[in-house]
Amino acid sequence: MIIFWNGVTHTNDFNYRYAVNHSNPVNYYQPQPGNPRKLWGCPMQQNSWNNGIHPLFEPSIPSRANLILLTPAIFGAAAALTVGFSLYGRSFSRGYSKFIFFVNIYAIIASLGAGTYIFETLTLEERKDAKLKDIILPLITVILFFALLFNLVYSLYPSSFSGTIGKTRVTQFISFLSLSIGSISVGETFNVTPEKSGTQIMAAVESFWNLFVLSLLISLIT
């Protein structure tokens with residue numbers, strides 16, 4: 001821990017305890033002049049040589065969004081890629097309701113994480129100059145996540161989608177990648193239609209995520 005005490009920098013707990021126990025009463029929750037928001041809740045001490053207010057310690061302020069927020073989408077995409085491609089051509093007749101319920105809940109969690117990541121990226125105090133390139137990573141992650149999720153559901157339950165869908169592993173994935181890109185941009189389905197309520201909910205989650213991000217960008221621009 002680094003503290004500032006009467007113009008001297010201290011770097012260990014002993015000096016910190018000594019400074020606190022051998023000083024004038026500490027004033028708490030005082031703003032630093034010129035930046036009243038930065039040091040809320042930090043103990044302050046009146047400096048004797050220049051009558052300025054200096055913090056005993058200063059909390060760390062994150063400079064970028066937490067990448068952990070993207071882990072549900074990343075791990076979900078990896079799992080969907082592995083299972084969807086390995087079980088290609090094998091269809092199931094049972095368990096659809098429980099499976100799609102779990103998939104939709106996970107899709108909501110992953111979407112919330114990615115949306116929070118973009119919100120933090122665009123609103124952090126030190127990232128006010130964030131540009132489009134700063135949201136490319138979560139945007140690509142969400143597109144791939146839903147494309148692989150659609151592909152997984154169709155591989156296991158082919159009746160869940162209808163339309164023009166590829167007949168090989170790669171072309172099938174490309175069809176659902178097109179659906180994911182269309183859902184997150186202009187709402188185009190490219191002749192791939194969710195046929196069951198579970199897959200319709202999944203597509204709606206992606207569309208709602210797109211609406212949230214678009215609204216956030218517009219609010220920050222204006």
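Axes here are lines fitted to C-alpha atoms, for helices over the stretch in contact, and angles run from 0 to 180 degrees between N-to-C directions. Keep in mind that this is a predicted model.

**Exercise 1.** Work out how H2 is oriented relative to H3, and which residues make the contact.

*Solution.* Start with the geometry: helix H2 (residues 71–86) packs on H3 at an angle of about 135 degrees, with the axes 7 Å apart. Over 145 degrees would count as roughly antiparallel, and 65 to 115 as roughly perpendicular. H2 is therefore oblique to H3.

**Exercise 2.** Now do the pair H3 and H4: which way do they run relative to each other?

*Solution.* H3 covers residues 96–123 and H4 covers residues 136–156; their angle is about 175 degrees and their axes sit 10 Å apart. The cut-off for roughly antiparallel is over 145 degrees, so H3 and H4 are roughly antiparallel to each other. On the H3 side, the contact includes Tyr96, Phe99 and Tyr106, and on the H4 side Phe145, Phe146 and Leu156. By class, the H3–H4 contact counts 19 nonpolar residues, 1 polar and no charged.

**Exercise 3.** Decide whether Ser175 is buried or exposed.

*Solution.* First place the residue: Ser175 is part of helix H5 (residues 169–184). Its relative accessible area is 13%, and buried means under 20%, so Ser175 is buried. Finally, check its partners: setting aside neighbours within four places in sequence, Ser175 contacts Thr164, Ile165, Gly166 and Val192.

Methods. Residues numbered from 1 in each chain as written. Predicted model: local features only at pLDDT ≥ 70, side-chain atom pairs only at ≥ 80, totals over all residues. Heavy atoms only, no water. Helix = DSSP H or I, 4+ residues; strand = E, 2+ residues; numbered from the N terminus. Parallel < 35°, antiparallel > 145°, perpendicular 65-115°, else oblique. Contact = heavy atoms within 4.5 Å. Nonpolar A, V, L, I, M, F, W, Y, C, P; charged D, E, K, R; others polar. Buried < 20%, exposed > 50% of the residue type's maximum accessible area, 1.4 Å probe, protein only.
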